[in-house]
Amino acid sequence: MSDTFHPAPQRDKVRRLTFALCVCAAPALWLGQLVLGYGVWAYGCYPGDHPVIWLGSPSARSFSYVVDAIAILGTLAAFFLSHRLWHRVKEEMEGDHFALIDVGEGRTRFMAMWGMLFSGCFLIAILFTTIASVVVPSCG
């Protein structure tokens with residue numbers, strides 16, 4: 001069987017690890033933002049048996065802002081990497097993105113498209129979480 005009939009004829013143009021990064025980076029960064037943010041804010045408000053007003057300190061807010069910034073920048077990097085891969089393999093099969101959705105041929109361009117979609121959607125979620133961490137007042 002020749003490469004002409006393979007569902008991903010341009011698979012040699014992109015490494016699998018790159019696709020995994022494009023598809024998994026944004027959800028992982030969002031999850032990290034939620035877990036670290038929740039941990040810092042919850043521990044700051046209630047580290048033991050008695051509530052402590054700690055989140056007014058600049059160090060906790062700064063840590064939260066750094067985590068938010070890393071999540072935003074990492075997700076943007078995943079989006080642009082997916083976009084670059086999309087341009088590299090978009091001519092893998094005939095048809096535009098509508099044909100890709102209907103027919104499903106061209107696995108590498110399908111994964112690149114999903115990397116852009118995941119990154120864009122999770123960027124919105126990360127931005128909402130960032131807004132919440134900036135706007136919501138600390139406990140106490």
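Which residues form one aromatic cluster? The cluster is made up of Trp30, Trp114, Phe118 and Phe122.

## Basis of the model

This is a predicted model, in which local features need pLDDT of at least 70 and side-chain atom pairs count only at pLDDT 80 or more, whereas totals for chains, interfaces and linings use all residues. Residues are numbered from 1 along each chain as its sequence is written, and side-chain values use heavy atoms, with hydrogens and water left out.

## Aromatic pairs

A pair of aromatic rings is described by the distance of the centres and the angle of the planes. Rings of Phe, Tyr and Trp (its six-membered ring) pair if their centres lie within 6.5 Å; planes under 30 degrees apart count as stacked, over 60 as edge-to-face and the rest as tilted. By this rule there are 4 aromatic pairs. Trp30 and Phe122 form a tilted pair, because their ring centres are 5.6 Å apart and their planes stand at 55°. This pair links distant parts of the chain, 92 residues apart: Trp30 lies in helix α1 (residues 16-45) and Phe122 in helix α4 (residues 107-135). Helices are DSSP runs (H or I, at least four residues), numbered from the N terminus.

Phe118 and Phe122 pair edge-to-face, with 6.3 Å from centre to centre and 80° between the planes. These two residues are 4 apart in helix α4, so about one helical turn separates them.

## Accessibility and the setting of Ser64

Buried means under 20% relative accessible area, exposed over 50%, and partly exposed in between (1.4 Å probe, protein chains only). Trp30, at 27%, is partly exposed, and Phe118, at 26%, is also partly exposed.

Ser64, in helix α2 (residues 58-89), is buried, with a relative accessible area of 5%. Leaving aside residues up to four places away in sequence, Ser64 touches Trp41 and Ser133, where contact means heavy atoms within 4.5 Å.
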